[in-house]
Amino acid sequence: MIVAMTGVSGNMGKEAFAQAMQLPGLTAKILLTHKKANDKLAKILKKRYGARVTILRGSVADKELCKELAEGADVVVHMAAVIPPASDKSFSDSYECNLLGTVALVDAVKACKPQPKYIHISTVALYGNRNEMHPWGRVGDPLLVSPFDAYAMHKLFAERYVLESELESWAVLRQTAMLHPNMMRNNIKDGLLFHTAYNAPLEWSTSRDSGLLIKNILAAEGKGEIPFFWKRIYNIGAGKRGRETGYDTFNDGFAMIGGTTEKFFKPYWFASRNFHGLWFSDGGELEEMFHYQRDGVKEYWKEIADKHKLFRMGRIVPKGLIHAFLFKKLLYHENSPYRWYTDGETARITAYFGGKEQADAVPRKWSEVKLLARGDFGDYDKMREDGYAEENGLLLDHGYDESKPYEEWDIEDMRRAAAFRGGICVSEQMNDDAVYGKLVWKCSEGHMFESAPYTVLRGGHWCPFCCQPAPWRFDVLAKKSPFFAQVWYDSHAKEEKYFYELDEQGRPQVREDIE
């Protein structure tokens, strides 16, 4: 089997490549950018694997390179991504890699004869902000990318391009929150740390488990065992051992140095919304097929502590010093919500809090904060169990009869789904390819567009003109769409009517939306 991969210098990609190369008979073609760190990596990989690996160098947005990468491959695995905080700092880098790179690679795969099978790594960030109101979600939920999140925005566009590309065999895997060896070191350098709302539901998978998933998919494909896997979207789950919130994720990490969330942080340092995270009610689907879930959050932090004695030395450092000279210093980082507040950045304050008044109302003491992890909204341990959301009716409504297999969808299902999204299905009958054949739809704003039933009903995508940022108009759209409203108003007031956009320099702007 010949496998082509992008993103093998990233956290997931390193693991996926290394584990895939354990499969007998597998050879790989990989694409590395011209970064200096990749010069060293290329030498290491060539020395280790010799003729089993072919290394191409350049941008994933280079169409000719993508053609060379895809040609002759049996499977293409697209993992390359520019993620936060890098995507926050460079809109253009995010656009080039996350969107243009996907377009170039999908087009290259489509042009191959025969076509390779294509695996696309998407992201949980597409679902946008969640909190204690609806911590559970699944494929088909509305995609409400948080305002100003360039990474999620470009990944949203890219995923839709894959779904509508009419490739012969594809699979979209929405990667959940990821634990990796450099996580602690990376997260004490940027104000992104404080974007994590403390009640944000996070389902943590390790990079090692995600890499194992890719290896097991490739192994099964090599044996011809997974025809049922293709042409579907999946959430990469981690199970109960990976389900936490922002608050207890910090607690677990700080336990390594003898600290806690409350010893090091103040509640008003954090954004109260505009993050992303989800506990996946359908995350066990891939596990049942490929058995990759090995690591838990507690085990991960123990492994990090065992490997890095420097972190354990933090136990003897006064906690007040760590608070003052490490985390408090980060408050004034350019990517910190506290810095935005002190600088009067209205657009970001509105997006991440709801406005200055709401930011002022964030509790000053932890004793005044209601926390999922503390059990203030119910039995936290029980709430994270598999099946809890289904048993307690906590899943979102998708607007059609989901008990019906999607192969049996008819035009009435399309009409009901469209109405629930505030629009109509213009087409009067299903195409011969009922699931993937494109229909004509009309949104609440009057835009006409073509899209496959699978993209809309199972993907959670809707109008490509007004429901895909930028700009972000969900305050207005949620008033007309019960599909959006059921989750958007968990963290946004119905009175809000904001229009979020980016100016020509990529700077956040906000104004009142005129319907």
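**Buried residues and crossing helices**

Me: Met430 is found in the loop between β14 (424–425) and β15 (439–442). What makes these two stretches strands?

Reply: Strands are DSSP runs of E with at least two residues, while helices are runs of H or I with at least four, both numbered from the N terminus. This is a predicted model, where local features need pLDDT of at least 70, side-chain atom pairs count only at pLDDT 80 or more, and totals for chains, interfaces and linings use all residues. Residues are numbered from 1 along each chain as its sequence is written, and side-chain values use heavy atoms, leaving out hydrogens and water.

Me: Why is Met430 called buried?

Reply: Buried means under 20% relative accessible area, exposed means over 50%, and partly exposed lies in between (1.4 Å probe, protein chains only). Met430 has 17% relative accessibility, so it counts as buried.

Me: Which residues does Met430 contact, beyond its neighbours within four places in sequence?

Reply: A contact needs heavy atoms within 4.5 Å. Met430 is in contact with Trp409, Asp410, Ile411, Met414, Leu439 and Pro453. As for Thr455, 25 residues along the chain from Met430, the two C-alpha atoms are separated by 14 Å.

Me: How do you know that Thr350 is buried?

Reply: Thr350 belongs to helix α16 (residues 346–353). With 6% relative accessibility, Thr350 counts as buried. Setting aside residues up to four places away in sequence, Thr350 touches Arg273, Gly355, Tyr498, Tyr500 and Val510.

Me: What makes a group of residues a nonpolar core?

Reply: The members are buried Ala, Val, Leu, Ile, Met, Phe, Trp, Tyr and Cys residues joined through side-chain atoms within 4.5 Å. The largest one here has 102 residues, and Tyr118, Phe265, Met414, Trp441, Trp462 and Phe484 touch the most other members. Another core, of 40 residues, lies apart from it and includes Val53, Ile119, Ile217 and Ile236.

Me: Why are α3 and α5 called oblique to each other?

Reply: Axes are lines fitted to C-alpha atoms, for helices over the stretch in contact, with angles from 0 to 180 degrees between N-to-C directions. Under 35 degrees is roughly parallel, over 145 roughly antiparallel, 65 to 115 roughly perpendicular, and the rest oblique. Helix α3 (residues 63–70) and helix α5 (residues 91–111) have axes that come within 8 Å and cross at roughly 45 degrees, and α3 and α5 are therefore oblique. Lys63, Cys66, Lys67, Leu69 and Ala70 of α3 make the contact with Ala104, Leu105, Ala108 and Val109 of α5.

Me: How do you know how α5 lies against α6?

Reply: The axes of α5 and helix α6 (residues 150–163) cross at roughly 10 degrees and come within 9 Å. That makes α5 roughly parallel to α6. Among the residues that meet are Phe91, Tyr95 and Leu99 in α5, and Tyr151, Phe157 and Tyr161 in α6.

Me: Why are α9 and α12 called roughly parallel?

Reply: Helix α9 (residues 246–255) and helix α12 (residues 297–307) have axes that cross at roughly 30 degrees and come within 9 Å, so α9 and α12 are roughly parallel to each other. Thr249, Asp252 and Gly253 in α9 meet Val297, Lys298 and Trp301 in α12.

Me: What makes α9 mostly covered?

Reply: Eight of the 10 residues of α9 are buried, including Tyr247, Phe250 and Phe254.
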